[in-house]
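Here are a few exercises to work through with the structure open beside you. Try each task before reading its solution.

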Amino acid sequence: MYLKPPVRDFSSSYSISQLFGVNAKTYSKFNLPGHNALDIVVSDSKLGFGTPILAAHDGVVESMTYDVPHITRGNGLYILSHDNKFSTNYWHLSAFDVKVGQNVKAGQVIALMGNSGFVFPRPSPVCPHCGTHVHFGLKIHGKNNEYKGFVDPIPHMIGLGDKLPIYFNRNLYQGRSGDDVSWLQTILRLEGFAEDYDPIGYFGNKTRRDVSKLQVKYGIIPILGYFGSKTRDLVTKRWSSYYKNK
């Protein structure tokens, strides 16, 4: 499937504030191994508050939720694909522009970005627009994984030539954990591997297998499944928005 970004002028380098599978400590209280969506921000004088949110695909508005401000996920909605195979969700909205049961087209305005629900930093009288972003999730119906069916939207949104706000300042190997492991797992999916797991922030047997495949693909030796300096340099050059030509 292909998903259109849920905001205009989306940049994979600058619009993403939190990737899938990261921040394990925060999300453990929700019985999740990490962040189960993308957080997308807009830089303007109101921190993106009121920015139009766009449908990522054709479908029907499946449900809408009005929630307690600044305590839970806030205002949100789900769009179900016409084939019933997947849905996308959009949270922390400030206003809706659709109703339940309405058919929508990809790129259609469905809501406005906001900071309803639990966001950080919390809005305040001094900064009423703080915490503004859209939590954008992709759920595959019938999928049984650690994220209750949610999967990384990135491989369905970007391709070669796009960059991500990721960096690798250490070597990674079996047994290591952290946000950088989740970033690596996202990259492995973009490279055509990691099809049987989602970013989970733990470097296990499958990640080692796929790092080995990446090393074979690009002729990096030795082929050990160890994410060392040569492989880090390759991935950084290909996918990181922080890469600078020297």
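One thing before we start: this is a predicted model.

**Exercise 1.** Find which element gives the largest share of the lining of the second largest pocket, then describe that pocket.

*Solution.* Start with the share: H3 supplies three residues, the largest contribution to this lining. Next, go through the lining itself, which includes Asn205, Lys206 and Thr207, along with Asp196, Tyr197 and Asp198. Sort the lining by class and you get three nonpolar, five polar and four charged residues. Finally, the space inside comes to about 160 Å³.

**Exercise 2.** Work out how H3 (residues 205-217) and H4 (residues 229-239) are arranged.

*Solution.* Two packed helices are described by the angle and the distance between their axes. Here the axes come within 11 Å and cross at roughly 75 degrees. Angles of 65 to 115 degrees count as roughly perpendicular, so H3 is roughly perpendicular to H4. Now look at who touches whom: Val211, Leu214 and Gln215 on H3 meet Thr231, Leu234 and Val235 on H4. By class, that contact has four nonpolar, two polar and no charged residues.

**Exercise 3.** Describe the largest pocket: how much space lies in it, and which residues lie nearest its centre?

*Solution.* The space is about 840 Å³. Of the 35 lining residues, Tyr27, His35, His92, Phe118 and His135 lie nearest the centre. Strands E1, E6 and E9 and helix H1 each give two or more residues to the lining, with E6 giving the most, three. Sorted by class, the lining has 16 nonpolar, 14 polar and five charged residues.

Methods: Residues are numbered from 1 along each chain as its sequence is written. This is a predicted model: local features need pLDDT of at least 70, side-chain atom pairs count only at pLDDT 80 or more; totals for chains, interfaces and linings use all residues. Side-chain values use heavy atoms; hydrogens and water are left out. Axes are lines fitted to C-alpha atoms, for helices over the stretch in contact, and angles run from 0 to 180 degrees between N-to-C directions. Helices (H or I, at least four residues) and strands (E, at least two) are DSSP runs, numbered from the N terminus. Angles under 35 degrees count as roughly parallel, over 145 as roughly antiparallel, 65 to 115 as roughly perpendicular and the rest as oblique. Contact means heavy atoms within 4.5 Å. Ala, Val, Leu, Ile, Met, Phe, Trp, Tyr, Cys and Pro count as nonpolar, Asp, Glu, Lys and Arg as charged, and the others, Gly among them, as polar. On a 1 Å grid over the protein atoms alone, a cavity is a set of points where a 1.4 Å probe fits but cannot get out, and a pocket is an open set with protein on both sides within 12 Å along at least five of seven lines; lining residues have an atom within 4 Å of a point. Grid points are joined across faces, edges and corners, and a volume is the space filled by probe spheres set on the points.
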